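Here is a quick briefing to read alongside the structure. Have the sequence and the 3D view open as you go.

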Amino acid sequence: MKLTLKIWRQKSANDKGNLVDYKVNDVSPDMSFLEMLDVLNQDLIDKNEEPIAFDHDCREGICGMCSMYINGRAHGPDRSITVCQLHMRSFKDGDTIYIEPWRAKAFPVIKDLIVDRSAFDRIQQAGGFISVNTSGNTQDANATLISKYAADTAMDAATCIGCGACVATCKNSSAMLFVGAKVSQYALLPQGQIEAAERVRNMVAQMDLEGFGNCTNTGACEVECPKGISLENIARMNRELMKANIN
Amino acid sequence: MALDSKVPEGPIKDKWTNYKDKINLVNPANKRLIDVIIVGTGLAGGSAAATLAELGYNVKAFCFQDSPRRAHSIAAQGGINAAKNYQGDGDSTYRLFYDTVKGGDYRSREANVYRLAEVSTSIIDQCVAQGVPFARDYGGLLDNRSFGGVLVSRTFYAKGQTGQQLLLGAYSAMNRQIGRGKIKMYNRHEMLDVVIVDGKARGIIARNLVTGEIERHSAHAVVLGTGGYGNAFYLSTYAMGSNVTAAWKAHKRGAFFANPCFTQIHPTCIPVSGDHQSKLTLMSESLRNDGRIWVPKHMEDVLAIREGKLKPTEIPEENRDYYLERRYPAFGNLVPRDVASRAAKERCDAGYGVNKTGEAVYLDFATAIERYGKEQAYVKGLDENDKALIKKLGKDIIKAKYGNLFQMYEKIVDQNPYETPMMIYPAAHYTMGGIWVDYNLMTTVPGLYAIGEANFSDHGANRLGASALMQGLADGYFVLPYTIGDYLSHDIRTGPIPTNSKEFDDAENQVKSNLDKLINNNGTHSVDYFHKKLGKIMWNKCGMARNAKELKEAISEIAELRAEFWKDVKVPGIANEYNEELAKAGRVADFLELGELFAKDALQREESAGGHFRDEYQTPEGEAMRRKEFQYVSAWEYKGEPKDAVLHKEALVYENIEVKERSYK
């Protein structure tokens, strides 16, 4: 396949970026999208040009590092995958592909396609945990029964990889799917109950502080989430917040 | 220098308890005066950082990713072992210890492994308390599955994302301490040297990967939880950024490197599709609970498949060779990884590989789908003879168990594994070798520790499935916090370690000149060009089967490649900016040294053990032939060039387990 790429180039956070055209030839449909960019980068290095900077690590859809807006969609055209799992067979010979970084005030661009997602870490630091020290003396793991439904639903929420696609795709740049997923995981488990009220209040406050927008129930986040995190988690977070504020 | 493993006296059952009773402790007020650097935030580094901060030490944690949550522990799929015996199937601390030592082909240190088995149960308790959503049964109790090389079900899991959930648990514990100010987190930082002052590890030199700035960080002790070196093979199941640099710099500063040739080639990975390939994807070993591995019995079927004239589903049962079930009836498809990988290689070398490259075997779920379907039909009172219904019910069960893995496979290969068998082939996955540590997890450099995959101690020559997560968390949550306290008890009056000493100057200058050399080289080939070449040498000559002739070739070829790298590598851009090529160049430079030591170690070890298989040492049936003369750990001391490395031996003594033939028949 031969493709035309229009890629966002930006030297640093303070620079004004722009889209630059690149041509790639001999693209095999079995290549992953990132391998296609590897080929382009090797080409650029050979021509003494600067390679394109992008985040990536595990290349199997679980670390959450890769983050690209491809043809106007977070992680590209396919559903339920990250960029690193996107393969070139999803494109046709002669296609033009637009590649941009996540766009959100709370995710400033570091370089080219790389953004700073440390706001997510700070939200977790505000309350995304259960306060239990390591001791070797906590109660036996089977001492508290947890229904299969609760464990499975908590697991579904916990599969969030923190990539930020939900924020990137939301017209309000809201992080509610991300925060809702973490709040839900703990809200569904008995271990999470003790600190439930404080947790949701602190995490939501930090989320607002970071400059993420609000949720207007468009549902784009759920559609673009590589792990299929459900909107229900946002509803659960709102219920938890309401409960916390009433008590 | 004689190696002292510092294994405590007494019966193996009491060693750890007695040890803990007798070590020096640091009182809470004094812990506030002590700094600890932890490099790497995977299961080992993350859990250690959280626990040490909870205890009151000042922790500085470093990772090269944009967040500690992204360390490659996140990709571990199948599960974590613990001797809980919740299934009542005869499990115990001793049996987990026994399985692990036997699984490691009697090349691990007994006392370390016993301690690992002993603390395994606390890990599960701790993770559940943290809110890790392990799989549960309908009664609300924790569920278990079985893994290779064992006869009990002791593996706890969270779908096919166990590593992710455990890492997020450790990450949440870290976050709590970051929020309290007890951990200072340095994301997008890479350690480029360890600083030794008066013979003790007292800090590191790190590069800020965003600005390119070189930073000095001091502490009273330095802990490396920096993972394995499998990316020496270029293609592997490791993350793209996984590297040996931190471990190798430690080695160059005096830490012995143990058993580098003990590498795990995992049997069930998605086969290579072409030259563009950047990484290989693992399909969890848990799939071997339900998947059956086979190749066609007859060559004409193999050829017809390769030509696309025949589908695997069209080959009748009697024309299939379920070679693991045939060769190892007792363990069948759940033989340990080294055995399964070699058996796949044996069939493919014999010409029975089922894809175009001839390097793939089938992993087939049809039998399991039918079995589960029938079970479900019976439970639900439905027609057990309705084939379409059975298939649908069976698929639902398989989907619930392995859904994410099947989806991953389909995305990469573009085939539906519910309808046609998966194709798999072995790939580099884990390194049992690593930095030599004593019972305290301290390296040969005082104050420098290595934990998790970065050290060598617990898995011998082969790691059993679901044991990496166990070891990472055992080291970080339950072992290091005790052992490092004993060491740090001597540092309560030391005060902060200054970073303006000559040692810091020297280390920083060396790091900077190294970076300058790379960036100003202006050669003709990119970093990847050299990395791929190294990978080919490693895979072809230091891979699943090795022999003296090829290992000697590998040693000289790697040395030549390294010389060519330093002469001809091309790194674009400048040092004071985000520059991934520069970061990669430094990592590949270290792989080019480690690779040679790896081959040297493999050549020196004239036996077959676990993942190290020497063609010259095999039984008439083609099984690994271990040799009593090599019942030791090879710990290599750095002396300049890898070829000059000096071997130190730690004899392995087995007092609590009989060393016998490792049979899975």
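Leaving aside neighbours within four places in sequence, B:Val272 is in contact with B:Leu235, B:Gln277 and B:Leu280, where contact means heavy atoms within 4.5 Å. Keep in mind that this is a predicted model, in which local features need pLDDT of at least 70, side-chain atom pairs count only at pLDDT 80 or more, and totals for chains, interfaces and linings use all residues. Residues are numbered from 1 along each chain as its sequence is written, chains are lettered from A and ligands numbered from 1 in the order in which they are written, and side-chain values use heavy atoms, with hydrogens and water left out.

**B:Val272**

- You'll find B:Val272 in the loop between strand 11 (263-269) and strand 12 (292-296) of chain B; helices (H or I, at least four residues) and strands (E, at least two) are DSSP runs, numbered from the N terminus.
- B:Val272 counts as partly exposed because its relative accessibility is 38%; buried means under 20% relative accessible area, exposed over 50%, and partly exposed in between (1.4 Å probe, protein chains only).
- B:Val272 and B:Glu359 sit 87 residues apart in sequence, yet their C-alpha atoms are 8.3 Å apart in space.

**B:Ser608**

- B:Ser608 is in the loop between helix 17 (580-604) and strand 18 (632-637) of chain B.
- Is B:Ser608 buried or exposed? B:Ser608 is buried, because its relative accessible area is 0%.
- Leaving aside neighbours within four places in sequence, the contacts of B:Ser608 include B:Asp105, B:Phe613, B:Arg614 and B:Tyr617.

**The two domains of chain A**

- Chain A is assigned domain 1 (3-110) and domain 2 (117-132 + 142-246), with bounds that come from an automatic or database domain assignment.
- Taken over C-alpha atoms, the centres of domain 1 and domain 2 of chain A are 28 Å apart.
- In chain A, 22 residues of domain 1 are in contact with 20 residues of domain 2.
- Domain 1 and domain 2 of chain A bury about 1600 Å² between them, 54% of it on carbon and sulfur atoms; buried area is the accessible area (1.4 Å probe) that two parts lose on being put together, summed over both.
- A:Trp102, A:Ala106 and A:Phe107 supply 30% of the area that domain 1 of chain A buries against domain 2 of chain A, more than any other three residues.
- How many salt bridges are there between domain 1 and domain 2 of chain A? The count is 2, a salt bridge being a side-chain nitrogen of Lys or Arg within 4 Å of a carboxyl oxygen of Asp or Glu.
- The side chains of A:Asp55 and A:Arg117 form a salt bridge, at 3.5 Å from N to O.
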